[in-house]
Amino acid sequence: PQNKGAVFGLHRGMDSLGAAIGPTAALIFLLLYPGQYVWLFALTIVPGLIAVGLTFFIRDSPKDYPENAEKPSLKIVFSYWKQASASYKKILVGLLGFALFNSSDMFLLLMVKEAGFADHQLIGFYIFFNLVYALTAYPLGSLGDRIGLKKVLTFGIGVFATVYAGMAFADNFWWVLGLFTLYGLFWAATDGIAKALLSGHCATAEKATALGFYAGWNSLFSLLSSTLAGWVWLQWGAQTMFLVTAGGSAIMLLYFIFLKEARR
């Protein structure tokens with residue numbers, strides 16, 4: 001329990017490292033073989049098959065599953081809210097509220113494209129952001145274990161608001177690079193941290209259900225967020241969308257600042 005932040009941070013860091021290595025390898029491939037997208041996508045099957053194969057070496061411990069546990073069903077997943085603890089619900093409400101403003105990363109790349117940057121620079125920013133994420137996820141997770149997971153999460157949401165406010169005025173390379181650096185810090189301070197925080201407010205036998213409940217609803221809210229962000233962009237322009245997102249996330253920042261965690 002005392003290492004939750006570090007464990008989730010390591011997981012997200014390794015995942016993001018792969019997200020940096022993959023595009024880098026693809027970029028090198030396209031430089032050597034321009035336009036060969038069919039072969040590029042075909043080759044991605046190889047690491048996918050390796051990953052699937054490695055899962056067969058994972059063994060669960062029988063003690064992880066209590067004998068009297070209720071059998072999994074859609075009813076359990078959708079009714080989990082009723083049996084969840086009050087502290088879990090408060091954190092979940094804040095995370096889902098923030099998800100309404102956390103639209104797709106593609107909007108950041110579209111904004112950079114509108115600012116006049118070349119395609120290879122867009123890919124470079126994306127790779128750089130994932131590298132920052134990969135390198136800082138574990139340290140920030142460990143920091144959360146020491147000073148409190150909610151504090152690190154709150155810091156991350158504040159960074160997100162800063163990035164989106166700044167992206168509304170993106171106009172030069174160093175400004176955008178700085179914002180993508182902060183964006184990597186945002187993900188490192190929130191993605192794994194949110195799961196670690198939630199897992200500390202549910203029963204041991206319910207952890208997978210609790211995290212799955214969050215992941216499912218978070219995905220739906222993120223889908224809605226991206227749809228609304230795209231609509232605002234089309235109606236009033238990219239700058240308005242980024243400023244609205246920054247303002248909304250600032251409200252959720254205040255929510256977490258004043259949220260009092262129940263003693264676990």
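Modeller: Let's start with a pocket. Helix α9 gives the most to the lining of the second largest pocket, with six residues. Helices here are DSSP runs (H or I, at least four residues), as strands are (E, at least two), numbered from the N terminus.

Biologist: Before we go on, what kind of model is this?
Modeller: This is a predicted model, where local features need pLDDT of at least 70, side-chain atom pairs count only at pLDDT 80 or more, and totals for chains, interfaces and linings use all residues. Residues are numbered from 1 along each chain as its sequence is written, and side-chain values use heavy atoms, with hydrogens and water left out.

Biologist: What counts as a pocket?
Modeller: Take a 1 Å grid over the protein atoms alone: a pocket is an open set of points with protein on both sides within 12 Å along at least five of seven lines, while a cavity is a set where a 1.4 Å probe fits but cannot get out. Lining residues have an atom within 4 Å of a point.

Biologist: Which residues lie nearest the centre of the second largest pocket?
Modeller: Asn 102, Trp 187, Asp 191, Tyr 214 and Asn 218, out of 20 lining residues.

Biologist: Which helices supply at least two residues each?
Modeller: α5, α8, α9 and α10.

Biologist: How does the lining divide into nonpolar, polar and charged?
Modeller: 10 residues are nonpolar, seven polar and three charged. Ala, Val, Leu, Ile, Met, Phe, Trp, Tyr, Cys and Pro count as nonpolar; Asp, Glu, Lys and Arg as charged; the others, Gly among them, as polar.

Biologist: New topic. Where does Ser 225 lie, and is it buried or exposed?
Modeller: Ser 225 lies in helix α10. It counts as buried because its relative accessibility is 2%. Buried means under 20% relative accessible area, exposed over 50%, and partly exposed in between (1.4 Å probe, protein chains only).

Biologist: What is Ser 225 in contact with?
Modeller: Leaving aside neighbours within four places in sequence, Ala 99, Leu 100, Phe 101, Asn 102 and Ser 103. Contact means heavy atoms within 4.5 Å.

Biologist: Which backbone atoms lie by a polar atom of its side chain?
Modeller: The backbone oxygen of Leu 100 lies 3.0 Å away from a polar atom of the Ser 225 side chain. For the backbone nitrogen of Ser 103, the distance is 3.2 Å.

Biologist: How many residues are in the largest nonpolar core?
Modeller: It has 61 residues. Such a core is a set of buried Ala, Val, Leu, Ile, Met, Phe, Trp, Tyr and Cys residues joined through side-chain atoms within 4.5 Å. Those with the most contacts inside it are Tyr 88, Met 167, Phe 180, Tyr 183 and Phe 242.

Biologist: Which helix gives the largest share?
Modeller: α9, with 14 residues.

Biologist: And Phe 242, what does that touch?
Modeller: Its contacts, beyond four places in sequence, include Phe 107, Leu 108, Met 111, Tyr 164 and Trp 233.

Biologist: Which residues of α6 are buried?
Modeller: Phe 107, Leu 108, Leu 109, Met 111 and Val 112. What covers them includes α7, α8, α9, α10 and α11. Just after α6, Gly 116 takes a positive phi of about 100 degrees.

Biologist: Last one. Where is Glu 206?
Modeller: In the loop between α9 and α10. Glu 206 is partly exposed, because its relative accessible area is 23%. It touches Tyr 80 and Gln 83, not counting residues up to four places away in sequence.

Notes. Polar contact = N/O pair within 3.5 Å; in protein donor to acceptor, adjacent residues only side chain to side chain.
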